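Biologist: I'm new to this one. Could you show me the model and walk me through the words you use for it?

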Amino acid sequence: MTQGLSRVEELFEARTPKTTAEISDLDGIISIKHNDNGTVIEIVAHTLEEEEYYFDENCEILVKEGQEVKQKQVIARQKKEKQRIFSSFS
C-alpha cells in the first residue's frame, strides 16, 4: 500500500503552466481565425452588454452619442486632475 501513495501524490502535484489561459467575461459563440499575423478569437455575445457612466461638469466627454466604443478606450477625462476614465468593454 505504501508504494501506491507516492504515485497518488504525484498525480495531485500542482505545477505552474507554461502559458496562461484567458477566460472570457462574456457568454457567446466563438469563432477562431488563423492568418499570417497569428490567431484571432472573436466572441459574439448572446446579450448586449450595457454600462452607464455618470459625469459632473468637471469632466470632458471624449466620445459622441452613438459612437462605437472599444474596450479600454478613454471615454472622458477630468479637466483639472487630468484623470482619464476608460470603458470596461467594447
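Modeller: The protein chain has a mean pLDDT of 80, with 96% of its residues at 70 or more; pLDDT is the predictor's confidence in each residue, from 0 to 100. This is a predicted model, where local features need pLDDT of at least 70, side-chain atom pairs count only at pLDDT 80 or more, and totals for chains, interfaces and linings use all residues. Residues are numbered from 1 along each chain as its sequence is written, and side-chain values use heavy atoms, leaving out hydrogens and water.

Biologist: Where is confidence lowest, and where is it highest?

Modeller: Lowest in helix α1 (residues 2-11), with a mean of 71, and highest in strand β4 (residues 74-78), at 89. Helices (H or I, at least four residues) and strands (E, at least two) are DSSP runs, numbered from the N terminus.

Biologist: I75 lies in strand β4. Why is I75 called buried?

Modeller: Because its relative accessible area is 8%, and buried means under 20%, exposed over 50%, partly exposed in between (1.4 Å probe, protein chains only).

Biologist: And what does I75 touch?

Modeller: Leaving aside residues up to four places away in sequence, its contacts include Y53, F55, I61, V63 and F86; contact means heavy atoms within 4.5 Å. I75 and Y53 are 22 residues apart in sequence and 9.6 Å apart in space, C-alpha to C-alpha.
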